[in-house]
Amino acid sequence: MAFGSCGELRHTLSCQPISPSCDPGRTLKATCGGVREFVCIYSRCLGIIEKRRARNAKERMTTVLVTGGAGFIGSCLVRQLIAQSDAAVVNVDMLTYAGNLDSLARVADNPRYRFERVDIRDALAIRRVVEQHRPDWIMHLAAESHVDRSIDGPAEFIQTNIVGTYVLLEEARRYFGSLTGAARERFRFHHISTDEVFGSLGENGLFTETTAYAPNSPYAASKASSDHLVRAWGHTYGLPIIITNCSNNYGPFQFPEKLIPLVILNALDGKPLPVYGNGSNVRDWLYVEDHARALREVIARGQLGETYNIGGHNEQRNIEVVHMICDVLDELRPKSKSVPHRSLIRFVTDRPGHDQRYAIDASKIQRELGWQPKETFATGLRKTVQWYLENGAWCERALSGNYRRERLGVKV
Ligand code: TDX
């Protein structure tokens, strides 16, 4: 055997003189003591090289920098990208109270996954990360996201959601300016936002991509501001941006300050289930895996400069959601035969400025990209309850910080 080089890979080639019938494309110059030429007799050789080339090109195309990848939606996106694509993923997360690396345990050892503990407001750190990993796509999910917390302390929301997005946009612009050719063509900055920027609906109507912004809470105002910044960086500087606005997400790994996980965990502990006001507020619930799938469609095939609404076609009153959770728990983990979980429900002081109804018209993403949710609310909710029942350790870790499931955002 001799050792030969065929350009890309080093192969062990069988010593064999070039034969006249040899396909010139497969003729490889190899030396054996510097005197003889050899042909690669491995017919798979070029095929392997081509496959590797294609895979490398594909991987180059899909190096994704995800901000907030240790959060609820971000971690779902990271898990999907690793499990269902060839992309390399760089997770940039500061690990605030809602960030949890346990949510990424199943991808942590994957060679295509990298974690960078960085604050998105730290321009130099972001610059270092971007220059080191040279992403093709930036998917920006890092945000403070709990309305009740934004009522108690809006400053963090201004800092992370507005200033953080500004810093990221500037670093993306700087990096984009250095790109040429195919890398420049490929680059995308995708801002993941919320339907709360549109304000509150009455009994009828749906939020479309052209609905005027009318944010009501400090949280919603901070997300609306960041949407505007992203749009302006696209319009003024030509940064290739896309924005998505999504309805309420639910599913595994959601921090238990939000309605669904809070109600599940309180019910399991026999604690009161707080329903704000009279429980008539409506939300449009989307299973988080469906959302992550939509994000992947949008960044891969969405129109530059466009916004896409993402929703679950699943409008429910809060009290109905709580009833459904109680019913699933009565079946899977009965409290007692005579005392159903519904007996724990308590109507409590309403949230200040509480938006009455959110509902998304998701026809644009369905029409243009063929996306629609797979999960119904009944199937998704059952999976979610089941997950919380089976993942006590994750829940304990999530509740091991300062948060004690206390009521937030009541005082104004
Ligand atoms: O204990 C509760 N009791 C209750 O009745 C909590 C935590 C909430 N609620 C109500 C308030 C809302 O009407 O349930 C509804 C859902 O509340 P949240 O889970 O806090 O979500 P919401 O305020 O609707 O905002 C969510 O959707 C849009 C997310 O938190 C945002 O991050 C997202 O952008």
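Predicted model: local features only at pLDDT ≥ 70, side-chain atom pairs only at ≥ 80, totals over all residues.
Residues are numbered from 1 along each chain as its sequence is written. The pLDDT is the predictor's confidence in each residue, from 0 to 100. The chain averages a pLDDT of 89, and 85% of the residues score at least 70. Over residues 1-47, however, pLDDT stays under 50.

The chain holds 13 helices and 15 strands; helices (H or I, at least four residues) and strands (E, at least two) are DSSP runs, numbered from the N terminus. A residue is called buried if 20 or more other C-beta atoms, placed from the backbone, lie within 10 Å of its own. Of the 412 residues, 43% count as buried. Two residues are in contact if their C-beta atoms, placed from the backbone, lie within 7 Å. Among contacts between residues at least 6 apart in sequence, 77% join residues at least 24 apart.

Several strands may now be followed in turn. Two strands pair if DSSP finds at least two bridges between them. Strand S3 (residues 63-67) pairs with strand S6 (residues 137-140) in the parallel sense over four bridges, and threonine 67 stands opposite histidine 140 in S6. S6 is in turn joined to S7 by four bridges, again in parallel, with tryptophan 137 and arginine 188 as bridge partners. Strand S7 (residues 188-194) is also joined to S8 by six bridges, and these two run parallel; here phenylalanine 189 has isoleucine 241 as its bridge partner. Finally, S8 and strand S13 (residues 307-310) pair in the parallel sense over four bridges, where threonine 244 stands opposite tyrosine 308.

In a regular strand the side chains alternate between the two faces of the sheet. In S6, Trp137 and Met139 lie on one side and Ile138 and His140 on the other, and all are buried. In S8, Ile241, Ile243 and Asn245 point one way and Ile242, Thr244 and Cys246 the other way. Strand S8 (residues 241-246) is largely enclosed by the rest of the structure, because six of its six residues are buried.

S7, helix H7 (residues 218-237) and S8 make a right-handed β-α-β unit; right-handed means that, with the strands pointing away from the viewer, the path from the first strand over the helix to the second runs clockwise. Phenylalanine 198 is placed in the loop between S7 and H7. This residue is buried, with 25 other C-beta atoms within 10 Å. Not counting residues up to four places away in sequence, phenylalanine 198 touches Phe207, Thr211, Tyr213 and Ala214.

The ligand has 16 residues around it, of which Ser145, Thr194, Lys258, Leu259 and Tyr276 come nearest; a residue is near a molecule if its C-beta atom, placed from the backbone, lies within 6 Å of it. Helix H8 (259-268) and strand S10 (273-276) are the elements that give two or more residues to this shell, and S10 gives the most, with three. In H8, Leu259, Ile260, Pro261, Val263, Ile264 and Ala267 are buried. The buried residues of H8 pack against strand S9 (249-250), S10, helix H10 (318-332) and helix H12 (377-390).

Note on methods:
Buried ≥ 20, exposed ≤ 12 C-beta atoms within 10 Å, placed from the backbone.
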